[in-house]
Amino acid sequence: MSSSRTRKLARPAVAVIPLTVVLALAGCSSSDNDEPSSTGDVTYPTVPFTAPGEGISLGHDDQEIGDTIPEPLHVGSITPIAADRLLGVEGGFGQLELSVNVIDPKTGVAESRITVGPGIWDPVIHGFVGDSAEDPAVLAAEVWRPRGSRGAADFTVSTYSGNLLEPAEVVLPDVARVHSRPGSNAVTSDGKFFVTWDDGLYGIRVVDLEKKEATGALQIVGCGPFTWMVDHELYSVCEDTRELLHVTIGDDGVPKETARSKVLPEDFVSTRKVTWASEAQKALLVSENGDVYVFDFSNGLPQEGVKPIGNAGQDSGRFSENVINADATRLAIAYTDTAIHPDSARGGSLVKIDLSDATTFAPVKSLTLADLGLTDIKSMTFSVDGATFYVLGSGPEVEGSAPQKIVGYNASTGEQVSSVDVSGNVGDFSGLITPEVLR
């Protein structure tokens with residue numbers, strides 16, 4: 001994939017531009033027929049890039065600089081993401097660019113790196129299991145912001161694959177404001193549509209990734225912001241009316257409200273972040289009062305009253321992040337060391353994770369920092385197949401530094417199966433993402 005290769009690639013291109021400027025200012029060119037500009041304009045040639053040939057290195061060995069100026073640029077193709085890998089995001093809140101690393105969680109090695117430009121509250125990043133370099137690898141909703149008076153920001157949905165220099169990019173309308181909380185946006189299982197809740201619209205916006213265009217939007221005030229997708233069917237929540245919502249995305253990419261079902265209890269309280277069990281087509285919602293809901297959308301909207309499977313409240317600390325595995329057999333909830341809400345400025349630190357049965361909420365394993373062998377908890381996720389539960393955090397300090405670690409557990413039994421130091425990354429990871437399987 002990109003990794004050190006991509007960073008090395010940028011050096012020849014940077015070296016070419018100053019030389020081109022010198023040639024242009026001196027009135028020189030590659031053609032005797034070109035006249036020097038009388039206006040002082042400087043033009044830059046377009047330098048094509050090609051696949052590396054014999055004797056061309058994209059690794060740690062530098063190739064010889066030949067006689068051809070501008071120097072030929074060479075680029076390799078990415079390595080597709082395997083089903084036993086995770087994605088690790090470098091960087092955190094407020095950064096305009098973030099790097100997405102493909103990690104082998106059994107060794108901790110970051111094998112490759114793709115840099116995206118979310119520029120949003122929470123990064124909107126989706127990764128995909130692939131078979132070839134041309135398959136989609138990473139999708140990101142991005143904001144490319146101007147400097148000074150250079151114009152409006154560009155809101156795009158970009159899919160990175162192939163050589164990474166030519167992502168498939170869809171420009172969104174200037175009025176688009178992608179909601180960035182986890183669970184508020186999704187890519188359909190066939191890879192055709194990117195669907196997101198839009199903060200400016202108060203509704204749903206759809207992008208056709210195959211046609212590379214925004215195709216439709218639907219304002220639904222009072223609902224959202226969740227996009228649980230079953231094929232092209234979207235399910236969400238309408239908190240005030242205690243309804244579950246069904247929206248169909250047509251073949252033309254236009255969303256239309258299909259139905260509502262008033263099945264939520266009167267004391268239902270929604271939340272800001274939700275997760276999804278893709279194989280079982282079930283959704284996890286841990287409400288702000290601690291009620292744990294697992295909604296089953298495998299047969300469409302539930303028609304009977306929905307009840308929580310339990311409550312996540314504990315006297316020891318406030319419940320925080322949550323995640324459910326692909327077949328909806330296990331869920332995990334992280335807890336802080338204080339009763340204050342974790343989104344508060346004084347919300348405390350994550351100190352414990354409870355792994356539970358996703359049907360009965362029966363406890364499977366409670367993992368404290370001591371159990372994990374960590375000094376903090378950064379992120380948690382399940383493997384693609386849902387069989388392994390992974391936790392990212394900092395290990396004990398050794399010789400003045402604390403390496404990050406990924407600890408793995410059998411999701412069924414809660415027994416530890418791995419613990420490895422993270423290596424090969426440039427900056428610390430702030431989160432883990434499970435790649436999605438497109439069908």
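Q: Two strands count as paired if DSSP finds at least two bridges between them; in strand S23, which residue is the bridge partner of valine 323?
A: This is a predicted model, in which local features need pLDDT of at least 70 and side-chain atom pairs count only at pLDDT 80 or more, whereas totals for chains, interfaces and linings use all residues. Residues are numbered from 1 along each chain as its sequence is written, and side-chain values use heavy atoms, with hydrogens and water left out. Strand S22 (residues 319-324) and S23 run antiparallel and are joined by four bridges. Within S23, the bridge partner of valine 323 is alanine 332.

Q: How many helices and how many strands are there in the protein?
A: Helices (H or I, at least four residues) and strands (E, at least two) are taken as DSSP runs and numbered from the N terminus. By that count, the protein has two helices and 30 strands.

Q: How many residues of S23 are buried?
A: Buried means under 20% relative accessible area, exposed over 50% and partly exposed in between, with a 1.4 Å probe and protein chains only. Arg330, Ala332, Ala334 and Thr336 point one way from S23, while Leu331, Ile333 and Tyr335 point the other way, and all are buried. S23 is therefore largely enclosed by the rest of the structure, the buried count being seven of the seven residues.

Q: Which residue in strand S24 does alanine 334 stand opposite?
A: S23 pairs with S24 through seven bridges, and the two strands run antiparallel. In S24, the residue opposite alanine 334 is isoleucine 353.

Q: How many residues are in the largest nonpolar core?
A: A nonpolar core is a set of buried Ala, Val, Leu, Ile, Met, Phe, Trp, Tyr and Cys residues joined through side-chain atoms within 4.5 Å. The members that touch the most others are Ala332, Ile353, Leu372, Ile377, Met380, Phe389 and Val391. The elements giving two or more residues to this core are strand S23 (330-336), strand S24 (350-357), helix H2 (369-372), S26, S27 and S28. The number of residues in the core is 18.

Q: Which residue of S9 stands opposite valine 157?
A: A further open sheet of four strands has the order S6-S7-S8-S9, with antiparallel pairing. Within this sheet, four bridges join S8 (residues 154-160) to S9. Opposite valine 157, S9 places valine 170.

Q: Is the disulfide of cysteine 223 and cysteine 238 right-handed or left-handed?
A: A disulfide is a pair of cysteine sulfur atoms within 2.5 Å, and here the S to S distance is 2.0 Å. Cysteine 223 lies in the loop between strand S13 (213-219) and strand S14 (228-230), cysteine 238 in strand S15 (residues 233-238), and the two are 15 residues apart. Cysteine 223 is buried at 11% relative accessibility, and cysteine 238 is buried at 1%. The torsion about the S-S bond is about 95°, so the disulfide is right-handed.

Terms used:
Pairing = 2+ DSSP bridges.
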